[in-house]
Amino acid sequence: MGKRIDLTGNRYSRLMVVSFVGNSKNGNARWLCECDCGRFIETDGYRLRTDRVRSCGCLRREKSRDRLLGFAATKQNIGVADNLPIHNGTVLRLTDKNNQSGVIGVSWDKQSQKWVARLMVRGKYVINRKFHNFNQAVSFRHQAELQFRDPLLR
């Protein structure tokens, strides 16, 4: 193992290195850093020096927010609950410009040469099933939507 480079007091983008906290499983030094936003994170020294980590995550959140708010359609629909049909983590219907099948949650899998019906609830797939027939996939997806939809929204 090589000699550890002392990074204490160094600044890397939004992170100020506070102290050494130990070695990771691969032998790299781990450092406690304070982000400009006030949060603390532990990260690998190599990742700091090579600019692979630049904040506690606040930078990514800010860039995502700025990118999202840069779209006129997003600004127009902020605060309009009817335009974002999500209830209890369930996406009921969303339009997607990349959708080639014309049905939300149904897509063609080139590798298996089958139609795939998917539905995600609270960040987990509740259905992810392949079908030989497009209509079967659509029907299965619609039945799953009804099953997971809040009864008050029907």
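Modeller: Gln-113 is found in the loop between strand S7 (106–109) and S8; helices (H or I, at least four residues) and strands (E, at least two) are DSSP runs, numbered from the N terminus. Keep in mind that this is a predicted model, where local features need pLDDT of at least 70, side-chain atom pairs count only at pLDDT 80 or more, and totals for chains, interfaces and linings use all residues. Residues are numbered from 1 along each chain as its sequence is written, and side-chain values use heavy atoms, with hydrogens and water left out.

Biologist: What is the phi of Gln-113 like?

Modeller: Positive, about 60 degrees, although Gln-113 is not a glycine. Gln-113 counts as partly exposed, at 49% relative accessibility. The cut-offs there: buried means under 20% relative accessible area, exposed over 50%, partly exposed in between (1.4 Å probe, protein chains only).

Biologist: And which phi does Ser-13 have?

Modeller: Ser-13 has a positive phi too, of about 55 degrees, and is not a glycine. Ser-13 sits in the loop between S1 and S2 and is partly exposed, with a relative accessible area of 40%.

Biologist: Let me zoom out. How many helices and strands does the chain have?

Modeller: Four helices and nine strands. Starting at the N terminus, the order is β-β-β-β-α-α-α-β-β-β-β-β-α.

Biologist: How much of the chain is buried?

Modeller: Of its 154 residues, 25% count as buried.

Biologist: Now H4. How many residues does H4 have, and how far does H4 reach?

Modeller: H4 covers residues 134–148, so 15 residues, and spans 21 Å from its first C-alpha to its last. That is close to the 21 Å expected at 1.5 Å a residue, where the expected span is 1.5 Å times one less than the number of residues.

Biologist: Which residues of H4 are buried?

Modeller: Ala-137, Val-138, Arg-141, Ala-144 and Glu-145. They lie on the same side of H4, because they cover an arc of only 130 degrees around the axis; the arc is taken from the directions from the helix axis to the C-beta atoms.

Biologist: Why would residues three or four places apart point the same way?

Modeller: Because an α-helix has 3.6 residues a turn.

Biologist: What's on the face of H4 turned away from the buried side?

Modeller: That face carries the exposed residues Asn-135, Gln-143 and Gln-147.

Biologist: Which residue caps the N-terminal end of H4?

Modeller: Asn-133 does, with a side-chain oxygen 2.6 Å from the backbone nitrogen of Asn-135. The rule for a polar contact is a pair of N or O atoms within 3.5 Å; within protein, one must be able to donate a hydrogen and the other to accept it, and residues adjacent in sequence count only if both atoms are side-chain atoms.

Biologist: Switching to rings. How many aromatic pairs are there?

Modeller: Four. Rings of Phe, Tyr and Trp (its six-membered ring) pair if their centres lie within 6.5 Å; planes under 30 degrees apart count as stacked, over 60 as edge-to-face and the rest as tilted. One of the pairs is Trp-108 with Trp-115, edge-to-face at 5.1 Å centre to centre and 65 degrees between the planes. Another is Trp-115 with Phe-134, also edge-to-face, with 4.7 Å between centres and 65 degrees between the planes.

Biologist: Where in the chain are the partners Trp-115 and Phe-134?

Modeller: Trp-115 is in strand S8 (residues 114–121) and Phe-134 is in helix H4, 19 residues apart, so the pair links distant parts of the chain. Trp-108, Trp-115 and Phe-134 form one aromatic cluster. Phe-134 counts as partly exposed at 25% relative accessibility, and Trp-108 does at 38%.

Biologist: Which rings have an Arg charge over them?

Modeller: The charged end of Arg-4 is over the ring of Phe-20, 3.7 Å from its centre, and that of Arg-129 is over the ring of Phe-140, 4.7 Å from its centre. The test is NZ of Lys or CZ of Arg within 6 Å of the ring centre and within 35 degrees of the ring normal.

Biologist: Where does Arg-4 lie?

Modeller: In the segment before strand S1 (11–12). Arg-4 is partly exposed, with a relative accessible area of 48%.
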